[in-house]
Amino acid sequence: MSVKQNPDNKNLTIITTHVNADFDAMASMLAAQKLYPDSVVVFPGSQEKNLRNFFIQSMVYLFNMVDVKDLDFSSVKRLVLVDTRQPNRIGNLTALLEQPDLEIHIYDHHPIMANDIKGHYEVCQPTGATVSILSKLLEEKGVDITPDEATIMCLGIYEDTGSFTFASTSEKDFLAAAFLLSKGANLNTVSNLIAREISPEQVGLLNDMIQSATHYNINGIEVVVTSVTTDDYVPDFAFLVHKMARMENLDAIFTIARMGNKIYIVARSRLPEVDVGAIVTPLGGGGHTFAAAATIKGKTLAQIENKLVEILYAKIKSRRLAKDLMSSPAIAIGPDVSCQDANNFLTRYNVNALLVTEKFDGQDKLLGYITRQIIEKALYHKLEHVAVHEYMTTEFAFVGPDVDITEIQEKIIENKQRILPIIDKGVITGVVTRTDLLNTLVHQSQSKPGRATDSFHKPLNPRTRIIVKFMKERLSQRLIDVLRAFGEVASEIGYGVYVVGGFVRDLFLYRPNEDIDIVIEGDGIAFAKKYAKKVGARIHSHEEFGTAVIIFPDGFSIDVASARMEYYKFPAALPIVEMSSIKLDLYRRDFTINTLAIQLNPKRFGTLIDFFSAQRDLKEKVIRVLHNLSFVEDPTRVFRAIRFEQRFGFSIGKLTKGLIENAVKMDFFKRLSGRRVFSELRQIFEEENPTPAIVRLQDYDLIKFIHPSIELNKDLISIFTSVKKVLSWVDLLFLEESYMKWAVYFLAVIRNCDNKTSEEICTRFELSPKYKEIFCKRRFEADRCLAWLEQNLPARNSILYKRLFVFKTELILYMMAATKQQRVKRAISYYFTQLRHIKTLTTGKDLIKMGLEPGPSYREIFEAILDEKLNGHLNTKKDEFDFVKRIKI
């Protein structure tokens, strides 16, 4: 409906709002019309778009409305602005601002901006909705309101406050809603419009928004930016942004959409550090701290996104506190430790300063700290046996866990401290080093979009995002419930709890994996006992390593470990394990792709934590180590790198490849125990197709660590290929019995080794006697049997059976793979699938009933029955009885 102004009216009052008016804007115009009875309402943009909602169309009679195209600007003497005071948000009506005699009244709830329109009369208050301000004025002036008008105004409050859930909601919003309810506002109507269903077109757009989301960690704050494109304008875009923020549990989101020839930005925030109004203002938009929007013409989507990200880095304030930056637990030594031993500690933990503490009433009391510089000078002066308390620094500053980075900077610089202790209620909870501070300050100045980062430096803060929805899509409800229960129990005793490692990695690779590892920031065994008691499970614990296995009644098990750090006394040594935090626990792991963790505590359930750019490496399909001495500390990681590379179809990173070559050149593998090398080889042989991994071992000259005489040649590759075919065949039989897949491949590897070499290999790998028998004795018997089969087939079934039944499944499969004769393969296959399952039906009791005296003859009789049955001459028990009678006769 459009009402033309009276041409004789030369003192016209018009009421307007921002383009793309929402419910609050329309409700505010209606309320303002009640305060200015002779005014007209003008939408700054397309009137038809603003009236697209059926309910608003049905209520249009309440507005004295004029189309902006029918408006004579020269007749306007008073401009009433509601829900905005930004000149770039009122469309063509900005031309009115040039009129010198124009009187401007403003009603708004947005914060003050530098380029705000200045009004002759202003009522601007920090409420959740502008209509709340106007409703209070109507109440004070005693202006009568109809139930339909009250409903529209109430709708504006509910939408702009998120039904009173947004952080911007104020007491005045509640009071205004109460007033409107007293005037007959219909909450059923409000509820229906607020909780409206979305169309298929909107569902598609929402899905695009979620899929294109990019997560930025800016000064410790997670911000999501997503961009989409549609040919036409999609209604209720702001509603979709709000819905995504709630679905994904996002603290701050900026959505950029190209719709037609315009770009729209809608932003929402739950954090005061992310003032979305201030952020979108340079882009020509506006809003308040928690909600803002902008409409832009003449720019590309990429230009706007790049500009937005630049503004984010410039505008978002840091909220990094000591507890976010500190390393924990603090590494400390006693006052009587010698300078030499202190130097060993510095090297072991790769740190430059140590706290010096002493037990006092059962609690560590901080005495001071000592730095690497002081220790090295003491050693230079031959003072290695002097206790550190003689040279430690005893005048020092410390801070609590909730101080910000500014105070940390002041303490470290003013006191010239290399290490700053973090103390909470008398307990040392961690430290911030001078290097930590420098890295933080450099990171803040350099962490711009597109800037390359060093993959091999440990990030100061992790990338985090909420993946609850993704977990629900990928995991069973039972597993989700189990993980939630872990979080609840851990929180009850004040521990952090995370699911980590391969399980999380495979979650993102869409690979099944029920091998679940739980890490506890605290006593893992104590946690496991408490959890097991709660759910009726049992545990096996290992005190030395702080680990436990929780075994559920149905046999399902989950590994639990205390967060720990490891150090190595010398290259290739087994690690020494100590308690730690999740950050240091993840840092000890082999490759970046295995460092993802998901927090399970209730308040942060489903938070993905990525300290080491694991998500990027999974996306780029690259295997990278976490630090350059990784293979020096544990050369077995080389075998794992190759195994993961081939399993996932990844590639080994350039630096990591160079480090592998260095480890081989330096011959660190010689110091490895044979048991550890064999453990890695066994896991390679357990892979679906080990052949590519074996080829890669040869590429790095690692086959020689099995035995110098073994070479990767065409014959070995050929038998590996044959083994794979045989194992694929047997797996398709779906047999209930299990077999050792790795053993078949290992038999193939050592096939051409003589007895002495085989013994050397088994001794080197510290294999148990049962395995030695297979590889050093039974293998040669299998080879002789295979040679006989190749020369003497065809043979009767009974002979085939007697030749093969003495061998374990692994040796049978090895023979099938080793022979090149198809008739031999068929014969062995026939034995494996048919003959070996044939049993006699006659028992010893049957023979007694037949009058045969028990004795050695029984065995001969049973063998004769079996021979006849294998050869197809006996089918039933009666046939067997008749056969025995003939023998007896």
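This is a predicted model: local features need pLDDT of at least 70, side-chain atom pairs count only at pLDDT 80 or more; totals for chains, interfaces and linings use all residues.

Author: Happy to. One term to begin with: pLDDT is the predictor's confidence in each residue, from 0 to 100. The protein chain averages a pLDDT of 86, and 92% of the residues score at least 70.

Reader: Where is confidence lowest, and where is it highest?

Author: The lowest is helix 2 (residues 47-50), with a mean of 43, and the highest is helix 33 (residues 809-818), at 96. Helices (H or I, at least four residues) and strands (E, at least two) are DSSP runs, numbered from the N terminus. Residues 1-5 also stay under 50 in pLDDT.

Reader: OK, new topic. In what order do the strands of the open sheet come?

Author: There are 8 strands, in the order 18-27-26-19-20-23-22-21, with mixed pairing. Two strands pair if DSSP finds at least two bridges between them. At the edges are strand 18 (463-466) and strand 21 (538-542), each pairing on one side only.

Reader: How is strand 21 joined to strand 22?

Author: By 5 bridges, and the two strands run antiparallel. One example is I539, whose bridge partner in strand 22 is I550. Strand 21 and strand 22 form a hairpin with 4 residues between them, and G546 in the turn has a positive phi of about 65°.

Reader: Which strands does helix 20 lie across?

Author: Helix 20 (residues 524-535) lies across strand 20, strand 21, strand 22 and strand 23, running at about 170° to strand 21. Axes are lines fitted to C-alpha atoms, for helices over the stretch in contact, and angles run from 0 to 180 degrees between N-to-C directions.

Reader: Now helices on helices. How do helix 1 and helix 4 cross?

Author: The axes of helix 1 (residues 23-35) and helix 4 (residues 130-141) come within 8 Å and cross at roughly 20°. That makes helix 1 roughly parallel to helix 4. Angles under 35 degrees count as roughly parallel, over 145 as roughly antiparallel, 65 to 115 as roughly perpendicular and the rest as oblique.

Reader: Which residues meet there?

Author: From helix 1, they include A27, A31 and L35, and from helix 4, V131, L134 and L138 are among them. Contact means heavy atoms within 4.5 Å.

Reader: And what about helix 28 and helix 29?

Author: Helix 28 (residues 714-731) and helix 29 (residues 741-749) pack at an angle of about 155°, with axes 9 Å apart. That makes helix 28 roughly antiparallel to helix 29. Among the residues that meet are I719, F720 and V723 in helix 28, and V744 and Y745 in helix 29.

Reader: Last one: what about the backbone around P794?

Author: A cis peptide bond joins L793 and P794, with omega about 0°. P794 sits in the loop between helix 31 (769-792) and helix 32 (797-804). For background, most residues other than glycine have a negative phi, and most peptide bonds are trans. K382, a residue other than glycine, has a positive phi near 65°; K382 lies in the loop between helix 14 (372-380) and helix 15 (405-414).

How values were computed:
Residues are numbered from 1 along each chain as its sequence is written. Side-chain values use heavy atoms; hydrogens and water are left out.
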